Amino acid sequence: MKKHNYSAGPCILPDEVFEKSAQAILDFNQSGLSILEISHRSKDFIAVIEEARALVLELLGLEGKGYQALFLHGGASLEFLMVPYNLMKVNGKAAYLDTGTWASGAIKEAKHFGETVVVASSKSENYNHIPKDYTVPSDADYFHCTSNNTIFGTQMKSFPTTNVPMVCDMSSDIFSRVLDFSQFDLIYAGAQKNMGPAGATLVVVKEEILGKTGRKIPNMLNYQQHIAKESMYNTPPVFPIYASLLTLQWLKNLGGIAAIEKINNQKATLLYSEIDRNPYFKGTAVIEDRSSMNATFLLEDEAHKDVFDAMWKEAGISGLNGHRSVGGYRASMYNALPLESVQVLVDVMQAFEQKMNS
């Protein structure tokens, strides 16, 4: 039976990416060598990473606008550290929007480097919404936000206009919806949601904002060093980058971000409509801030949990359990999850309603 993978990440990828990746593990480019054993300095892999970096900028509409795309190590969590290292001036300050666990983690790291102003937070309501009507200090070295909050099921639908560089953690919704990506000066994302397997981290940075902190930055944590070495300051994660390239190619062939956004909106509308209609379920996030990537919801009566759990597992659904911070269920609908899988979940919810009513 086909599994309907709602895992929050590492998550579902397109079937063709699995197939091509599997072939490359056995024999990459008919070289007689596996992608797992080739040199990262070989012409075959250099072609991979160059195309991947170029395709990132093309899909985001940032070609020729002064941006560099980097594939690095360490996950988005290392970027919590690298961002203030590279952008916060000595005796400077940064502004952060606190919308969830990962934003909170970024704030903690920034505090090691200087004054860190939290412009707004939804922590007191268990992060069930995105704060509005906050002001970004005009003397901040940068403003940091998290576009989508996987644990709490919220997503920023708009971004503030500010005169300071804007940094965004887009780990869980990059490449999922059309935005003016040029409004951001630095974007980072772990690969393991909409791009590839865990192990690679994407950073897209406008070069002109770098080199202004007045601090000495260790080479391994210096964006300028990674730009100069074209993402090869040390051995890059070859296989995750290759799988990411395949996913980016799949997205381009599909019609790019505009095309996948339409599908993502269909999936989100289908599931949220059922959550709101079905008397046995309730959503956890404020409606206007609901994420199109991660739908979080609860049973109205937890006594029914065993029955519902048995039903969705019987239907071949995987990864639906919610995070302990929220409880209930979390349906992660990343780019590669087909609409058909969402329909299966909705069918189970409706069958559960009928069972409870009988």
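Leaving aside residues up to four places away in sequence, Ala-8 touches Lys-193, Arg-330, Ser-332 and Tyr-334, where contact means heavy atoms within 4.5 Å. Keep in mind that this is a predicted model, in which local features need pLDDT of at least 70, side-chain atom pairs count only at pLDDT 80 or more, and totals for chains, interfaces and linings use all residues. Residues are numbered from 1 along each chain as its sequence is written, and side-chain values use heavy atoms, with hydrogens and water left out.

**Ala-8 and its loop**

- Ala-8 sits in the loop between strand S1 (4-5) and H1; helices (H or I, at least four residues) and strands (E, at least two) are DSSP runs, numbered from the N terminus.
- With a relative accessible area of 14%, Ala-8 is buried (buried is under 20% relative accessible area, exposed over 50%, partly exposed in between, using a 1.4 Å probe and protein chains only).
- Pro-137 is 129 residues from Ala-8 in sequence, and the two are 34 Å apart in space, C-alpha to C-alpha.

**Helix pairs**

- Two packed helices are described by the angle between their axes and the distance between the axes; here, axes are lines fitted to C-alpha atoms, for helices over the stretch in contact, and angles run from 0 to 180 degrees between N-to-C directions.
- H3 (residues 75-87) packs on H4 (residues 101-110) at about 45°, axes 8 Å apart.
- That makes H3 and H4 oblique to each other (under 35 degrees is roughly parallel, over 145 roughly antiparallel, 65 to 115 roughly perpendicular, and the rest oblique).
- H3 brings Phe-80, Leu-81 and Pro-84 to the contact, and H4 brings Trp-102, Gly-105, Ala-106, Glu-109 and Ala-110.
- That H3 with H4 contact has 6 nonpolar residues, 1 polar and 1 charged (Ala, Val, Leu, Ile, Met, Phe, Trp, Tyr, Cys and Pro count as nonpolar, Asp, Glu, Lys and Arg as charged, and the others, Gly among them, as polar).
- H4 has Ala-103, Ser-104, Gly-105, Ala-106, Ile-107 and Ala-110 as its buried residues, and these pack against H3 and strands S3 (93-98), S4 (115-121), S5 (143-146) and S9 (186-190).
- H1 (residues 15-26) and H6 (residues 238-254) pack at about 145° with axes 9 Å apart, again with a right-handed crossing.
- On the H1 side are Glu-16, Val-17, Lys-20, Ser-21, Ala-24 and Ile-25, meeting Phe-239, Tyr-242, Ala-243, Leu-246, Thr-247 and Trp-250 of H6.
- By class, the H1 with H6 contact has 8 nonpolar, 2 polar and 2 charged residues.

**Thr-201**

- Thr-201 is in strand S10 (residues 201-206) and counts as buried at 1% relative accessibility.
- Beyond four places in sequence, the residues that Thr-201 touches include Leu-70, His-73, Glu-79 and Ala-189.

**Positive phi**

- Most residues other than glycine have a negative phi, and most peptide bonds are trans.
- Asn-29, in the loop between H1 and helix H2 (43-60), has a positive phi near 55° and is partly exposed at 49% relative accessibility.
- Tyr-127 also has a positive phi, of about 55°; Tyr-127 lies in the loop between S4 and S5 and is buried, with a relative accessible area of 6%.

Technical notes
Left-handed = near helix turned anticlockwise from the far one by under 90°.
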